[in-house]
Amino acid sequence: MIVVGAGTAGCLAAKTTAEAGLKVCLVERKRREEIGEKICGDALGEHHLKTLGLEKPQGGELEKRIEGIKIFSPDSETVFTIKHEDFVGYLLNRRLFGQWLLRKTLDKGTILLDSTLCLEPTVEKGCVTGISTRDLRTGKTVQVKGKVVADASGFMGVVRRKLPEEMGIETEIANEDVEACYREIRQLKQEAEETKFCEIYLNQEVTPGGYTWIFNKSSARVNVGLGICMRGSFPNPKEQAYRYILTKPMFEGSLLLNGGAWYDPTRRPLDNMVGNGVAILGDAASLVNPIHGGGIGPSMLSGFYAGKTIVEALEKDDVSQNALWPYNCRYMETYGTKQAGLDVFRMLLIGSRDEELSYGMKYELLKEEDVLKAGLGDEFHLDISDKARRVFKGLRRLGFLNRLRLTATMMKQVRAHYKVYPKTSKDFEKWRLKTESMFREARRKIID
């Protein structure tokens, strides 16, 4: 097996297959000592470690425990505090955590080719049989052969983007489903007062279609950044950060430790993540939570599920799309259904004005428990008070109320649709067409 990318998805896929006795080659463009470094929010839910059967690392990988999330309305007058075991977790030292995962897979016998760039997949008779690579130290091109290739190369999806159309895997992601992000790690002059909760700020002027995050780490350091939906003409994320966020009093006199920009696919998962001899994992398969942008947990899950499926397929000496299909089913039955429902909720946030969101949170059109249930991927039922109806009628903002009701209904419909994800590829096309129809309707009614 060949795994492209030594991030969280790639390391879990390599570890899962290597410990089953397979020969695994992990290909990574970074140098070994740089693996784990990434522009990221650095947050991981504790429940993901439990699901994967991983012990808590003890070597500084987990910098700080977090108890939940605080969500600030655009006018900052209302704050929702979201507490639940699914939102309890850790802020990571991203490099140390990445190195910890890497050691786990190398200890199982995985071969690492670092400083090696994957150029494209090798496709023979409709099946992926390896990859073409370039050694970044020598410049030499090397062909690597394997029975299965797992693309865990992140947002760039270097294998996925060059697959033939007949594979039935989406090769391109629409800009409107991507957030342009900018993030900095800063050393504050003193520890922030409230540090147990991750903070998320909604504001369409600052972050159209996205949000700002302020995650306080240990030793008065903070992970601060923002994401902006790449829909239409969107502002520069770094400029927005320096204009609106880093001018806050808490950052006065702070020291920039590092910063950078990247892209986050915030949408439902790829409808299909497997082809003959190939599986798509992590960010390459758009496995990022559409609301809070967290991708570490679902990436690790995808690596585990894909690895388990690949082991089963190779035991039968069958790496066809049908043999790898259970990976689709495993992911959709767990995180994928939740993720698809949240994609609908994301459309509500994109299509709402700041005053609508502020009033909606203030007068409890949308309550903390509704946001919690939505964040968990559960159904939520709007219980709107007469006071809220009168307020919104007087403000002539009933359109937001109607979109909110429609969002709840469509989230329920999408979840029901994903719960009947096809067990084989034979029934997939019919399911895919209905999926596209549902999300087109959601965009038309909620955003447009």
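At 8% relative accessibility, Phe428 counts as buried; buried means under 20% relative accessible area, exposed over 50%, and partly exposed in between, with a 1.4 Å probe and protein chains only. The model is predicted: local features need pLDDT of at least 70, side-chain atom pairs count only at pLDDT 80 or more, and totals for chains, interfaces and linings use all residues. Residues are numbered from 1 along each chain as its sequence is written, and side-chain values use heavy atoms, with hydrogens and water left out.

Rings of Phe, Tyr and Trp (its six-membered ring) were paired if their centres lie within 6.5 Å; planes under 30 degrees apart count as stacked, over 60 as edge-to-face and the rest as tilted. The count comes to 14 aromatic pairs. Trp262 and Tyr263 form a tilted pair, because their ring centres are 6.2 Å apart and their planes stand at 50°. Trp262 is partly exposed, at a relative accessible area of 29%. Tyr263 is also partly exposed, at 36%. The pair of Trp325 and Phe428 is edge-to-face, with centres 5.4 Å apart and planes at 75°. Trp325 lies in helix H6 (residues 321-351) and Phe428 in helix H11 (residues 428-447), so this pair ties together parts that are 103 residues apart in sequence. Helices (H or I, at least four residues) and strands (E, at least two) are DSSP runs, numbered from the N terminus. Trp325 is buried, with a relative accessible area of 1%. Trp325 and Phe428 belong to one aromatic cluster with Tyr418, Tyr421 and Trp431.

Charges also sit over rings; the rule asks for NZ of Lys or CZ of Arg within 6 Å of the ring centre and within 35 degrees of the ring normal. Arg161 lies over the face of Phe155, 5.6 Å from the ring centre. The charged end of Arg268 is placed over the ring of Phe439, at 4.6 Å from its centre.

Helix H1 (residues 8-18) is mostly covered, with 11 of its 11 residues buried. Among them are Cys11, Leu12, Lys15 and Thr16. The buried residues of H1 pack against strand E1 (2-4), strand E2 (25-27), helix H3 (94-106) and helix H5 (296-315). Contact here means heavy atoms within 4.5 Å.

Gly282 is placed in the loop between strand E19 (278-280) and H5. Gly282 is buried, at 1% relative accessibility. Leaving aside residues up to four places away in sequence, Gly282 touches Ala9, Leu287, Ser299 and Ser302. Gly282 and Lys217 are 65 residues apart in sequence and 25 Å apart in space, C-alpha to C-alpha. Thr212 lies in strand E15 (residues 211-216). Thr212 is buried too, with a relative accessible area of 2%. Its contacts, not counting residues up to four places away in sequence, include Glu199, Tyr201, Leu226 and Ile245.

A cavity is a set of points where a 1.4 Å probe fits but cannot get out; a pocket is an open set with protein on both sides within 12 Å along at least five of seven lines; lining residues have an atom within 4 Å of a point. Grid points are joined across faces, edges and corners, and a volume is the space filled by probe spheres set on the points. Two cavities of 30 Å³ or more were counted. The largest cavity holds about 310 Å³ of space. It is lined by 22 residues, of which Ile71, Ile291, Phe345, Leu349 and Val371 lie nearest its centre. Strand E5 (68-72), strand E6 (79-82), H6, helix H7 (354-362) and helix H8 (368-376) each supply at least two residues of this lining. By class, the lining has 18 nonpolar, four polar and no charged residues. Ala, Val, Leu, Ile, Met, Phe, Trp, Tyr, Cys and Pro count as nonpolar, Asp, Glu, Lys and Arg as charged, and the others, Gly among them, as polar.

The second largest cavity holds about 120 Å³. Of its 14 lining residues, Leu202, Gly209, Gly210, Tyr211 and Leu349 are the closest to its centre. H6 and H7 are the elements that give two or more residues to this lining. The largest share, three residues, comes from H6. Seven residues of this lining are nonpolar, four polar and three charged.

The second largest pocket has a volume of about 270 Å³. Among its 16 lining residues, Asp42, Arg94, Arg183, Ile185 and Asn258 are the closest to its centre. H3, strand E13 (178-187) and strand E17 (255-265) each supply at least two residues of the pocket lining. The lining of this pocket divides into four nonpolar, three polar and nine charged residues.

Methods
1 Å grid on protein atoms, 1.4 Å probe; cavity = no way out; pocket = protein on both sides within 12 Å on 5 of 7 lines; lining within 4 Å.
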